[in-house]
Amino acid sequence: MDYSGVMLVTSAAIFTIGVAGVLIRRNALIFFMSIELMLNAANLAFASFSYFLNSLDGQVFVFFVMMVAAAEAAVGLGIIIAIFKNRKTVDLYDLRLLQG
Amino acid sequence: MDWFVYGFSALAIASAIMVITRRNPIISALYLCLTLFCLAALFVLLEAYFIAAVQVLVYAGAVMVLFIFVIMLLNLDPEKMIVEYFQTPRMISVISALLLFGFLTFVFWTNNITGERGYDFPVQITQGGGHLKAMSSKLFTTFLLAFEVTSILLLVAIVGAVVLAKRKV
């Protein structure tokens with residue numbers, strides 16, 4: 001059964017939706033969710049290539065990407081909470097200046 | 001089998017679109033959860049069973065709980081942005097994202113998958129003791145260094161998260 005095209009186009013679509021979310025949203029939390037979407041799209045592409053090339057290496061890569069994503073979510077949400085305690089907002093438009 | 005692939009792909013894409021268009025972050029988080037479950041189903045269809053289980057446990061379990069805790073801790077108002085969707089900078093963003101999608105789709109449809117083929121055929125994996133055994137033997141031999149470095153990364157992330165959350169500001 002060859003559905004490589006479908007899987008890879010799904011992966012491309014989800015990655016693109018993640019990019020669009022990062023570009024159009026102002027809420028830092030949804031910005032983060034878009035980053036998770038992009039990481040998941042990359043995972044789907046890895047798993048597809050692993051399946052079509054008959055190699056488990058791609059799935060090991062997916063495992064590592066998931067670990068990095070979990071670490072990134074923990075630290076990133078900690079940063080969002082610190083910003084919220086400091087500025088009382090998570091609107092990225094209000095945070096575009098580096099001054100405190 | 002075909003219909004499962006098309007159905008879960010369509011559901012994943014539709015719920016991903018809902019993630020970035022809802023005003024309320026909690027609704028976005030729930031749609032993200034649906035997207036992650038659909039991707040877990042696609043992993044099962046790609047015979048990546050361990051990855052599908054980890055997807056449900058780590059992403060749909062741990063990471064989503066973290067997101068929802070933070071959303072409820074911050075207690076935000078819904079974003080007032082629907083009227084701003086069709087202003088020029090956002091239209092430019094959407095158009096450039098669509099161009100990216102067109103480019104990626106063009107590359108995927110017009111090229112065959114190249115690369116070195118492996119030897120992990122499904123029959124051999126089943127005979128050799130199952131998918132988990134095959135994968136962990138790779139993880140603890142070829143990729144052992146990367147695995148250990150990942151544990152250090154997780155330790156750093158834990159310490160960093162605690163320091164960030166404790167800081168007096």
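Biologist: How far apart do the C-alpha centres of domain 1 of chain B and domain 2 of chain B lie?

Modeller: This is a predicted model, and in it the two centres are 22 Å apart. Domain 1 of chain B covers 1-78, and domain 2 covers 125-169.

Biologist: Which secondary structure elements make up chain B, and in what order do they run?

Modeller: Chain B contains seven helices and zero strands. Read from the N terminus, the pattern is α-α-α-α-α-α-α. The radius of gyration of chain B is 21 Å, well over the 15 Å that the globule rule gives for 169 residues, so chain B is more spread out than a compact globule. Along the principal axes, the C-alpha trace of chain B spans about 55 × 50 × 25 Å.

Biologist: What percentage of the residues of chain B count as buried?

Modeller: Burial is read by counting the C-beta atoms around a residue, with 20 or more within 10 Å as the cut-off. In chain B, 21% of the 169 residues count as buried.

Biologist: How many helices and how many strands does chain A have?

Modeller: Chain A has three helices and zero strands, and along the sequence the pattern is α-α-α. The radius of gyration of chain A is 17 Å, whereas a compact globule of 100 residues would have one near 13 Å. Taken along the principal axes, the C-alpha atoms of chain A fill a box of roughly 55 × 25 × 15 Å. Buried residues account for 53% of the 100 residues in chain A. Of the contacts in chain A with a separation of 6 or more, 45% are between residues 24 or more positions apart.

Biologist: At what angle do α2(A) and α3(A) pack?

Modeller: The angle is taken between N-to-C directions, and a value over 145 degrees counts as roughly antiparallel. For α2(A) and α3(A) the angle is about 175 degrees, and their axes are 9 Å apart. The two helices are therefore roughly antiparallel to each other. Among the residues that make this contact are F32(A), L39(A) and F46(A) of α2(A), together with F61(A), V65(A) and I80(A) of α3(A). By class, the residues of this contact comprise 13 nonpolar, five polar and two charged.

Biologist: Where does N54(A) lie?

Modeller: N54(A) is in the loop between α2 and α3 of chain A. The backbone of N54(A) has a positive phi of about 55 degrees, although the residue is not a glycine. N54(A) counts as partly exposed because it has 14 C-beta neighbours inside 10 Å.

Biologist: Are α3(A) and α3(B) roughly parallel or roughly antiparallel?

Modeller: An angle under 35 degrees counts as roughly parallel. Here α3(A) and α3(B) pack at about 5 degrees, with their axes 11 Å apart. That makes α3(A) roughly parallel to α3(B). The contact includes V62(A), F63(A), M66(A), L77(A) and F84(A) from α3(A), and I51(B), V58(B), Y59(B), L66(B) and L73(B) from α3(B).

Biologist: What is the division of the residues of this contact of α3(A) with α3(B) into nonpolar, polar and charged?

Modeller: The contact of α3(A) with α3(B) has 20 nonpolar residues, one polar and no charged. Q59(A) is one of the residues that make the contact.

How values were computed:
Residues numbered from 1 in each chain as written. Chains lettered and ligands numbered in written order. Predicted model: local features only at pLDDT ≥ 70, side-chain atom pairs only at ≥ 80, totals over all residues. Domains from an automatic or database assignment. Helix = DSSP H or I, 4+ residues; strand = E, 2+ residues; numbered from the N terminus. Rg over C-alpha atoms; globule rule 2.2 N^0.38 Å. Buried ≥ 20, exposed ≤ 12 C-beta atoms within 10 Å, placed from the backbone. Axes fitted to C-alpha atoms, helices over the stretch in contact; angles between N-to-C directions. Parallel < 35°, antiparallel > 145°, perpendicular 65-115°, else oblique. Contact = placed C-beta atoms within 7 Å. Nonpolar A, V, L, I, M, F, W, Y, C, P; charged D, E, K, R; others polar.
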